[in-house]
Amino acid sequence: MGYPEAAEFLKISIRTLERYVREGTIPYIPLPKRGTWSGVRFLRPQLVQWLERRTVKPSTVNRRASA
């Protein structure tokens, strides 16, 4: 999938996604174009794994304190 589809899947702006790619914080596949690297593709399974690693899960201690 390209930038628009990946951004929509992640519920973020294309600009934010571009920043993540520049920073190397999100998995992507660079695509060659006439001898230079231009454009990227994203794989849905990799994006799902990336989201799962970044998901903050409340601990049981916090749940008991707020109850």
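Reader: How do the axes of helix 1 and helix 3 lie: what is their crossing angle, and within what distance do they come?
Author: Keep in mind that this is a predicted model. Two packed helices get described by the angle between their axes and the distance between those axes. For helix 1 and helix 3, the axes come within 11 Å and cross at roughly 35°.

Reader: Which residues of helix 1 are buried, and on what arc around the axis do they sit?
Author: The buried ones in helix 1 are Ala-6, Ala-7 and Leu-10. They sit on the same side of helix 1, because the arc they cover around the axis is only 100°.

Reader: Okay, and which helices do the buried residues of helix 1 pack against?
Author: Nonpolar side chains tend to be buried together in soluble globular proteins. Here, the buried residues of helix 1 pack against helix 2 and helix 3 (44-54).

Reader: How many residues make up the largest nonpolar core, and which elements give two or more residues to this core?
Author: The largest nonpolar core has 11 residues in all, among them Ala-6, Leu-17, Ile-26, Val-40 and Trp-50. The elements that give two or more residues to this core are helix 1, helix 2 and helix 3.

Reader: What does Ile-26 touch, leaving out residues up to four places away in sequence?
Author: Ile-26 is itself one of the residues of the largest nonpolar core. With those sequence neighbours left out, Ile-26 touches Leu-10, Leu-17, Tyr-20, Val-21, Phe-42, Leu-47 and Trp-50.

Reader: Where is Lys-11, and is it buried or exposed?
Author: Lys-11 is in the loop between helix 1 (3-10) and helix 2 (14-23). Exposed takes over 50% relative accessible area. Lys-11 has 70% relative accessibility, so Lys-11 counts as exposed.

Reader: Zooming out, how many helices and strands does the chain have, and in what order do the elements run?
Author: The secondary structure comes to four helices and two strands. Starting from the N terminus, the elements run α-α-β-β-α-α.

Key:
Residues numbered from 1 in each chain as written. Predicted model: local features only at pLDDT ≥ 70, side-chain atom pairs only at ≥ 80, totals over all residues. Heavy atoms only, no water. Buried < 20%, exposed > 50% of the residue type's maximum accessible area, 1.4 Å probe, protein only. Arc of directions from axis to C-beta. Contact = heavy atoms within 4.5 Å. Core = buried A, V, L, I, M, F, W, Y, C linked by side-chain atoms within 4.5 Å. Axes fitted to C-alpha atoms, helices over the stretch in contact; angles between N-to-C directions.
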